[in-house]
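Hi everyone, thanks for coming.

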Amino acid sequence: MLRQLRAALGVGVVTEPPAPASEIEALGVTLRGEIARLFGRSLHIRQVDAGSCNGCEIEISGLTGPHYDLERFGLHFVASPRHADCLLVTGPVTRNMAEALRRTWEATPDPKLVIAVGDCSRDGGIFAGSYAIAGGVADVIPVDAVILGCPPSPKALLAGLLDAMGRLRQ
Amino acid sequence: MSRVAYSVAAALGALAAMIGISGLLGDTWVVTVPWAVPLGGLQLSMDRLAGFFVALIGFATIPVSLYAIGYAGDDRRGALPYVGFVIAMCAVPLAANVMTFAVAWELMALASYLLVVQKATNGTATHPGAPAADGSESHDASPHAGGRHAHDAAEATGAAWTYAVMAHAGFVCLLAGMLLLSAWSGSTRFADWRDTELTPLARDAVFVLLALGFASKAGVIPLHVWLPLAHPAAPSHVSALMSGVMIKLGVYGLFRVSLEWIGPAPAWWGVAILVAGTISAVVGVLYALVEHDLKRLLAFHSIENVGIILIGLGAGVLFLESGLGTLAVLGIAAALYHTANHAAFKGLLFLGAGAVVRSTGTRNMEVMGGLVKRMPWTAAMFLLGAVAISALPPLNGFVSEWLTFQALLQSLQVPHTGIGLVFVGGMAGLALTGGLAMACFVKAFGVTFLALPRSEAARSAVEAPGWMRLGMALLAFACVALGLGPTIVVPVLGLVAGDLTGEVTPLWFGDWLRLDVPGDFASLSTFAIAIALLVAGIVPLVVLRARGLTRRRVYETWGCGRLLQTSRMQYTATAFASPFRRIFDFLYQPAHALHVEAHPESRFFVDAIRYVHETRAVAEDWLYHPLSQALHDVTERIRGVQSGSTNVYLVYILAALVLMLVLG
Ligand code: SF4
C-alpha cells in the first residue's frame, strides 16, 4: 500500500486541465432547459460499451465527477436499459457485442435516443476492417447523433448531448 | 374408501370445532365412563383452555382433510390412522385424569407413528425417476434420478424410528411426573392437583419431568431431533396436522403444568420457559435458513414458532410470579394467539409444500423454480402463508408477534433486574427471529416458485387438483381473518388466560377496529394497516390510468443482453443462505468440500465441479450421539447376563428364590 501511495504522490496530477467551470455551467443550463422541454424532468442514460478501448468511458465517467457533475443538469446514469431514455454507446461494435447491443436497444422503452460516442462508434475508427468487428454503431441499431473525438472530452460530450437534443426537437 | 375416511375426519373436525368453541366461550362439562379404562375410568372435562385447543384441532382438521381427499387420491394407506389421529388429538386436551390422558396421548403418538412410517411399507412415491431430495446439499449438474423409492422408504423408517424413541422417552417422563403427582396428591384427577400442598423440591421435580415430556412433543430445542425427520417423511396433510396441531399439544401441556396443575410457578420456571423459547426460536430459524428440503425447512420453522409461543408463555409465568396479573394475561393471550396463528399459516405452508412435492416429485428446492407459472394457485397460497409467518402486517403472524413484543416491552415493570435481563434476551431473540424468518421465506418462495425451472420435473409440474386448492384456500382465509380480527379474538383468549391465571382479564371487547394493550401502552389496528396498504397499491394505479399511462409491452426478462439464459445462472438456495452460513458458522460447524475434475490434458479444461456443503446438527453431535453411545455401552455390558445357557438361567431362578426368601 505504501508503494502505491508513494507512486501516486510521486507522479502527481497528469490529467489535462478541465474546461473552465463557467463554460460547463453555461452548457449545462441550456442542456437542462432542453431536457425539461423534451422529457419533462430528467434524462436517464444507459451507457453501453460495445467494444471500446475504455478511453471514451474514462471521459464519460469524468462527467460524473465533482467538476462537471452532470447530475445537477438533470442527467443520470442508470444501471439498466429498462430505466433509460437514452443509450450512450461507445466503441466499435464487436461481433460479440452486436446481439447484446441490439437487445439492449430493444429493452429500452420508447421513445429513446441513441447517441454514439467516439470515432470508433461512427465507422469502427482505428479498428475498422478488423475481423472482430461488426461495424459502427449505426450498422447495428439506429443512431440519432454521433459525438466525435478519440476520445471526446467531457465538454464535447455535453455539447454533443445538447446538439442531439436540439436535433430531436426538430 | 379413503375419500370416505377423510370426509369423516373433516366432519369430526367440524364437530370438534363446534364443541371447542362452546368450551372456549365458557361452557364446562364432565363426562365419565368408569368401565372404559382401568384406574379411574375414562374421564373427559371441558374448560376454556381445552375448548381452545379442541377448536384449534377442529378448525385445522377441516381444511387439511379436504386437502387430503385430493392429495391421497385412491391411496388407501394411512386413511384410518389419520381418523384415529384426529380423534386422539381431540381427546388429549379433554382428558381429565392420568389414565385417559395416557391413553389419548399414546394413541396420538401411535397413529402419527403409523402415518410417518407409511412410506416405508409399500406403495409408490409420487413420481418415480424424479430427483431425490438429499439431506446434504450436493450440486450436480444433473440430479441423480431413480432410487427415490428405496431412498424414501429408508428415510421414512429412520424418521419413524427416531420419532418413536423420542415420543416414548417423552412419554416416560410424563408418566413418571404424573404418577408422582398422583401418589403425592392421592388422586389421579387433574382437577385435584391444584389444591395439593407440595414441598418446593417435589414441585420442581414434577415440573422438570412434565416439562421435559411436553417439550419433547412440542419440539423445543434440544429435544427437537425427531421433528425435522418426521415432518418431511409423513404425507403433507399429516405434516400439516403434526406441525400445526400435534406439537401444540405439547405446548398445551406446558400451559397446564406451569399455570394450573402445580402452580403458582416460581420464577425459575418462567425463566426456563422463556430461555428455552428464545433458544428454540433463534436456533430453529437458523437451521431453517440453511435447509433446502422444503418440508424440512418448514419443520425447523415449527421449532422456531413453538419457541415464540414459549416466549409469550414464559413472560406470562414471570409476570404472574411478580404479581403483574394484567401483563401475565397479555403474555399468555399472545402465546395462545400465536398457537392459533401458527396452526393456520404453517398448515397452509405444509399444504402448499405438499402440492409442490406432489407435482414435482421432490422436496429439494434446488431443483425447483418457475412454479409460479405452472402452479399459480399454490404459489399465491404459499406466498400468503410466507407473508403471514414472516410476521408482516396485516396478516395473523404479525398480530401475535406484536402482542408478544408488547408483553415483553412492559417487562420494565418487573422489579427484579436479573429477570429483566431474561426479558431483554427474549426481545432480542424475537427480533432476530423475525428478520431471519423473513430472509428464509424470501429464499423458500423465491427459489421454489420464481425464475426458471431447474429441472424437468419442475418444468412439467401441474397445478394441484380442486380439493387441495380448497383446503389451502380455507387456511389462507383463516390467516387473513385472524389477522384482521384481533379485536374479537384477543378478548376471548384473554378469558382463557384469565381462567388459567385466576386474574381478571384486561383485554375486552371494545373498539371493533382498534386493539388496545392494557395500560395505555400501545394499540394496533390491522384494518387501518390493511386499508393503508390497499390504498398505497391502488392509488398509483388509478393515477397512472387517469393520466393515460397504461401502455404495456410484454418482453422477455432483461438478462444484460445475454444470448442464453438458463436456470444455471439463477441464484440458488445455497448461494442465498451462504452469508448467513458464514455469519453463524459457530452454530453450523460447516464442512466444505470442492472437487474439481479437470481434463487430463490441461487443468484449464474442467470436466465437472462438485461442491458439497454440510452443516452439522450440534444437538445430535454433542448430546444424542454420546447419549446413545453410552446407552449402547451399558447394554453391551448387561448383555453378558443373557448367556443363553439353560444352566445359568436355572441358577438365576435359584438366586432369585433365595433372595425372595431372605427378603420376605
Ligand atoms: S474513440 Fe478512441 S477512445 Fe473511444 S473507443 Fe475508440 S479508440 Fe477508444
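How far apart do the C-alpha centres of domain 1 and domain 3 of chain B lie? They lie 48 Å apart. Before we go on, keep in mind that this is a predicted model.

So, about those domains. The assignment for chain B gives domain 1 as 264-549, domain 2 as 585-616 and domain 3 as 618-663.

Now for some helix packing. Two packed helices are described by the angle between their axes and the distance between the axes.

As for the handedness, H12(B) passes H19(B) in a right-handed crossing.

Who touches whom? On the H12(B) side we have B:Val329, B:Ile332, B:Ala333, B:Leu336 and B:Tyr337. On the H19(B) side, the residues they meet include B:Pro486, B:Val489, B:Val490, B:Leu493 and B:Gly494. Sort the residues of this contact by type and you get twelve nonpolar, three polar and no charged.

H19(B) also packs with helix H2 of chain B, residues 48-72. Here, too, the axes come within 8 Å, and the crossing is at roughly 140°. So H2(B) and H19(B) are oblique to each other. From H2(B), B:Arg48, B:Leu49 and B:Phe52 meet B:Leu493, B:Leu495, B:Val496, B:Asp499 and B:Leu500 in H19(B).

If you compare the two lists, B:Leu493 turns up in both the H12(B) contact and the H2(B) contact.

Next pair: helix H9, residues 236-261, and helix H11, residues 294-321, again in chain B. Are these two parallel or antiparallel? Their axes come within 11 Å and cross at roughly 20°, so H9(B) and H11(B) are roughly parallel to each other. H9(B) passes H11(B) in a right-handed crossing. Among the residues making the contact are B:Ile247, B:Val251, B:Leu254 and B:Phe255 of H9(B), with B:Val306, B:Ile309, B:Leu310 and B:Leu313 of H11(B). In that contact, eleven residues are nonpolar, five polar and two charged.

Let's switch to the ligand. Which residues are around it? They are A:Ser52, A:Cys53, A:Gly55, A:Cys56, A:Gly118, A:Asp119, A:Cys120, A:Gly149, A:Cys150 and A:Pro151. Helix H3 (55-63) and helix H5 (119-123) of chain A are the elements that give two or more residues to this shell. By type, the shell has five nonpolar residues, four polar and one charged.

In chain B, the peptide bond from B:Ile221 to B:Pro222 is cis, with omega near 10°. B:Pro222 sits in the loop between helix H7 (200-218) and helix H8 (227-233). There's also a cis bond joining B:Pro393 and B:Pro394, where omega is about 5°. You'll find B:Pro394 in the loop between helix H14 (376-389) and helix H15 (396-409) of chain B.

And over in chain A, A:Asp69 is not a glycine, yet it has a positive phi of about 45°. Where is A:Asp69? Look in the loop between H3 and strand S2 (75-77) of chain A.

Notes:
Residues numbered from 1 in each chain as written. Chains lettered and ligands numbered in written order. Predicted model: local features only at pLDDT ≥ 70, side-chain atom pairs only at ≥ 80, totals over all residues. Heavy atoms only, no water. Left-handed = near helix turned anticlockwise from the far one by under 90°. Helix = DSSP H or I, 4+ residues; strand = E, 2+ residues; numbered from the N terminus. Contact = heavy atoms within 4.5 Å. Nonpolar A, V, L, I, M, F, W, Y, C, P; charged D, E, K, R; others polar. Domains from an automatic or database assignment. Near = heavy atom within 4 Å. Axes fitted to C-alpha atoms, helices over the stretch in contact; angles between N-to-C directions. Parallel < 35°, antiparallel > 145°, perpendicular 65-115°, else oblique.
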